[in-house]
Amino acid sequence: MSTTSLSIDKVSKRFAAFKAVDDVSFTLQPGERVALLGHNGAGKTTLFKIILGFLKRDGGEVSVLGAAPGSSAARKAMAYLPESVAFPASLTGEEVLSFYARLKGEKPSKALPLLDKVGLMEAARRKVGTYSKGMRQRLGLAQALIGRPRMVLLDEPTTGLDPISRQTVYELIGEIAEQGATVLLSSHALTELEARTDRILILSKGKLVADDVLGRLREQAGLPIRLKVWTRPGNVQAVADQLGGGRMNGRSVEFDCDLDGKVKALSAISALGNLVEDVDVHAPSLDDVYRHFSNTAEKEV
């Protein structure tokens with residue numbers, strides 16, 4: 001029977017008159033990949049620091065794998081990758097990983113293969129001072145994964161990475177989640193997260209305003225689905241007349257419908273037969289969902 005990896009219960013943190021985290025509660029389970037979203041100043045970094053034991057909370061309870069934040073048991077089971085990583089410029093990538101392996105009580109020989117995992121094996125003996133920002137970020141990810149941690153916190157893990165390296169990072173995240181680790185990651189690159197996380201948490205001004213899988217958040221938001229119907233040459237006006245959609249580019253008709261009306265709309269499109277060449281269904285994106293919940297929270301303040 002699995003146990004909860006992280007439990008946050010009514011946690012608050014104030015800096016003078018500013019409430020950075022306001023009565024936040026959620027739990028994470030083993031193997032989950034969870035995105036923590038929010039604008040700058042929403043409380044994401046503060047919450048990370050509370051989980052790590054770097055900051056003391058003003059109220060509420062936090063349990064990390066059944067242990068207190070910052071305790072020896074929690075530290076041994078956790079890994080953290082900050083947004084901006086820094087390593088001694090005079091050390092090689094191999095030396096950096098060996099150093100962190102020893103700090104974590106691991107044999108360096110077991111940690112060094114992680115350099116290959118993040119695509120740095122060819123640069124393993126180069127000094128870190130010669131690394132690009134993206135290479136340093138990948139080295140940071142490698143050191144975070146030493147010892148197969150059970151709870152992994154990633155703050156903007158793909159910052160400075162090229163598209164191929166970004167794909168590598170998300171493949172690694174999927175791999176460690178499959179092995180049972182819980183991954184909580186913060187990112188502004190919402191398009192990347194849409195198909196690569198299991199659940200979405202949204203913070204706004206310190207409050208948790210959304211917590212669910214993307215599909216259910218779409219339903220809660222009530223955002224429209226956009227249908228784009230590609231017509232055969234010369235038929236766009238006939239299709240537009242029958243569907244009541246707008247004309248676009250001379251070959252397609254676009255219109256919106258709600259979730260409940262999607263099947264009915266697709267049936268109407270199917271009934272047009274040879275007038276239609278193809279149809280694209282665009283569900284609300286994670287960007288749309290995030291904007292909805294953030295804007296709603298702003299209005300309620």
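**Exercise 1. Determine which helix gives the most residues to the lining of the largest pocket, and describe that lining.**

Solution. Step 1: Helix 2 gives the most, with 4 residues. This is a predicted model, in which local features need pLDDT of at least 70, side-chain atom pairs count only at pLDDT 80 or more, and totals for chains, interfaces and linings use all residues. Residues are numbered from 1 along each chain as its sequence is written, and side-chain values use heavy atoms, with hydrogens and water left out.

Step 2: Helix 2 (72-77), strand 5 (78-81), helix 3 (93-103) and helix 6 each supply at least two residues of this lining. Helices (H or I, at least four residues) and strands (E, at least two) are DSSP runs, numbered from the N terminus.

Step 3: The volume of the largest pocket is about 560 Å³. Among its 20 lining residues, R75, M78, A79, Y80 and K104 are the closest to the centre. A pocket is an open set of points on a 1 Å grid over the protein atoms alone, where a 1.4 Å probe fits, with protein on both sides within 12 Å along at least five of seven lines; lining residues have an atom within 4 Å of a point. Grid points are joined across faces, edges and corners, and a volume is the space filled by probe spheres set on the points.

Step 4: The lining holds 11 nonpolar, 4 polar and 5 charged residues. Here Ala, Val, Leu, Ile, Met, Phe, Trp, Tyr, Cys and Pro count as nonpolar, Asp, Glu, Lys and Arg as charged, and the others, Gly among them, as polar.

**Exercise 2. Describe R148 by its location, its phi and its accessibility.**

Solution. Step 1: R148 lies in the loop between helix 6 (133-144) and strand 6 (151-155).

Step 2: Most residues other than glycine have a negative phi. The phi of R148, however, is positive, near 50°.

Step 3: R148 has 61% relative accessibility and therefore counts as exposed. Buried means under 20% relative accessible area, exposed over 50%, and partly exposed in between (1.4 Å probe, protein chains only).

Step 4: The second largest pocket has a volume of about 400 Å³. R148 is one of the lining residues closest to its centre.

**Exercise 3. Decide whether helix 1 is largely enclosed or open, and state what follows it.**

Solution. Step 1: In helix 1 (residues 44-52), 7 of the 9 residues are buried, so this helix is largely enclosed by the rest of the structure.

Step 2: The buried residues are K44, T46, L47, F48, I50, I51 and L52.

Step 3: G53 follows helix 1 and has a positive phi, near 90°.
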